[in-house]
Structure formats: structure tokens, C-alpha cells
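Please look over the sequence and the structure shown below before reading on.

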Amino acid sequence: MIRLAKLSEIEEIIAITRACAAKMISENIYQWNEQYPNYQAFQKDVEREELYVLTNKEFKTTVDETILGCITISSEKDAEYDAVEWLTEDGFQIYIHRLAIHPSFQHKGYAKQLMDYAEILAKKQGAISVRLDTFSANKRNQRFYENRGYQRLGDIYFPRQSDLCFYCYELVLKEITISGA
């Protein structure tokens, strides 16, 4: 089940992103660190009702709810994105941030479920496109987004995270067809 996150769940969400960071670091991908993602970013996401969690609650045998991953689906454009030459003019875009699936649950299609949800939500809300960035050293993420039809456009930097750049991607929503939505 995908639903809005609660303030009381931020510590659990941070534990997930820290586990993801540790796994990425073990693979020489220095995308996240002790400074990012952080409590303040997730708190803002919750307050803006833009942080979603994927839980195991949809499974009928599940008594306790476990958060498997999270995604921020935002309408707010970060200043770092201003220099990027996007496919569409600024208007109503959706920005994806902090997509994370706990390493114990990775490679089971959960990131795809979260992105499907985000893209359908963006389309239903009337967004022009979905924009995001991913770390230049994270080849798996790049393939993931490119296989979904996202086009790589420009580079941005987050010096507190890494000296390497992040690649910006955009998916124009008129190209998305929703079946059964």
C-alpha cells in the first residue's frame, strides 16, 4: 500500500535511507551521507503532504505494517534546477526526491511501484512533466529512469553530498498512458 507518511515515521524512514546509503557506499556510490537525506527534509515533505511510504499492509497475512520504502512527490522546484535546460517550460511539474527502498526489499519491483504511483498522481493532477535527478555514479538508477522513458538533460551539483554531479531527467507526461486508472 502506498500512502502519505506521518511525522512519527520519519525516524523509521531515515533508518531506511541510512541503510540505502550504507549499501551504496559498499558499492562505491557516494550519493547519500550523514548530512542527506535528513530529518528536516523529511519533516518538510510530511508538512507539505509530499512524502509517501510503501508498506506491506496490502498483504492479507500481514498484521503489523512495515515501511518498505519512501518517495517524495513534490510540486516545489529546487533552485539547483534553475540552470537546467528542461524539455518543457516551467509550469506545473512534479519533482521526485528521496526515492528509497530498504536494501532487504530491493530488486522486487517496489521502486517501480513508487514511480508508477508518482507518475499516475502527476498525470491526474495535471502536471506537464516529472523531473528528477540521480547521482552520476549510480548507473543502476540511470538505467532505471531511462528505461521508464526519462531523458537525461543537464548536470547539477550538491557539494554537501558529493564532488560529482547529479544528472537531471525529465519525462513529459503526455507520453504516459494510464490504463485502469
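## The chain as a whole

The protein chain has 4 helices and 7 strands, where helices (H or I, at least four residues) and strands (E, at least two) are DSSP runs numbered from the N terminus. The model is a predicted one, in which local features need pLDDT of at least 70 and side-chain atom pairs count only at pLDDT 80 or more, while totals for chains, interfaces and linings use all residues. Residues are numbered from 1 along each chain as its sequence is written, and side-chain values use heavy atoms, with hydrogens and water left out.

Read from the N terminus on, the elements of the protein chain follow the order β-α-α-β-β-β-α-β-α-β-β. The C-alpha atoms of the protein chain fill a box of roughly 45 × 40 × 30 Å, taken along the principal axes. A compact globule of 181 residues would have a radius of gyration near 16 Å, and the protein chain agrees with this, having 16 Å; the radius is taken over C-alpha atoms, and the globule rule is 2.2 Å times the number of residues to the power 0.38.

Of the 181 residues in the protein chain, 49% are buried, and here buried means under 20% relative accessible area, exposed means over 50%, and partly exposed lies in between (1.4 Å probe, protein chains only). The accessible surface of the protein chain comes to about 9500 Å², of which 48% belongs to carbon and sulfur atoms; such areas come from the Shrake-Rupley method with a 1.4 Å probe, and for residues only the protein chains shown count as cover. Among contacts (heavy atoms within 4.5 Å) between residues at least 6 apart in sequence, 70% join residues at least 24 apart.

How far apart are the end C-alpha atoms of helix α1? They are 24 Å apart, which agrees with the 24 Å that its 17 residues (residues 10–26) should span at 1.5 Å a residue, the expected span being 1.5 Å times one less than the number of residues. The buried residues of α1 are Ile-10, Ile-13, Ile-14, Ile-16, Thr-17, Cys-20, Ala-21 and Met-24. Seen down the axis of α1, these buried residues fall within an arc of 155°, so they line one face of the helix; the arc is that of the directions from the helix axis to the C-beta atoms. They pack against α2 (39–47), β2 (51–55), β3 (67–74) and β4 (93–101), whereas Glu-11 and Ser-26, on the other side of α1, are exposed. Just after α1, Asn-28 takes a positive phi of about 60°.

Helix α3 (residues 110–125) has 16 residues and reaches 23 Å from its first C-alpha to its last, close to the 22 Å expected at 1.5 Å a residue. Its buried residues are Tyr-110, Leu-114, Met-115, Ala-118, Glu-119, Leu-121 and Ala-122. After α3 comes Gly-126, whose phi is positive, near 90°.

| Residue | Relative accessible area | Class |
|---|---|---|
| Arg-98 | 12% | buried |
| Thr-88 | 15% | buried |
| Gln-40 | 54% | exposed |
| Ser-162 | 10% | buried |

Arg-98 is placed in strand β4, and its side chain is joined to that of Asp-45 by a polar contact of 2.9 Å. A polar contact is a pair of N or O atoms within 3.5 Å; within protein, one must be able to donate a hydrogen and the other to accept it, and residues adjacent in sequence count only if both atoms are side-chain atoms. Leaving aside neighbours within four places in sequence, Arg-98 is in contact with several residues, including Trp-32, Tyr-36, Phe-42 and Cys-70.

Thr-88 lies in the loop between β3 and β4, where its side chain makes a polar contact of 3.1 Å with the side chain of Gln-93. Not counting residues up to four places away in sequence, Thr-88 touches Gln-93, Ile-128, Ser-129, Arg-131, Glu-170 and Val-172.

Gln-40 belongs to helix α2, and its C-alpha atom is separated by 9.5 Å from that of Ile-10, 30 residues apart along the chain.

Ser-162 is found in the loop between β6 (151–156) and β7 (166–172). The side chain of Ser-162 reaches the backbone nitrogen of Leu-164 at 2.9 Å, and, leaving aside neighbours within four places in sequence, Ser-162 is in contact with Tyr-30 and Phe-135.
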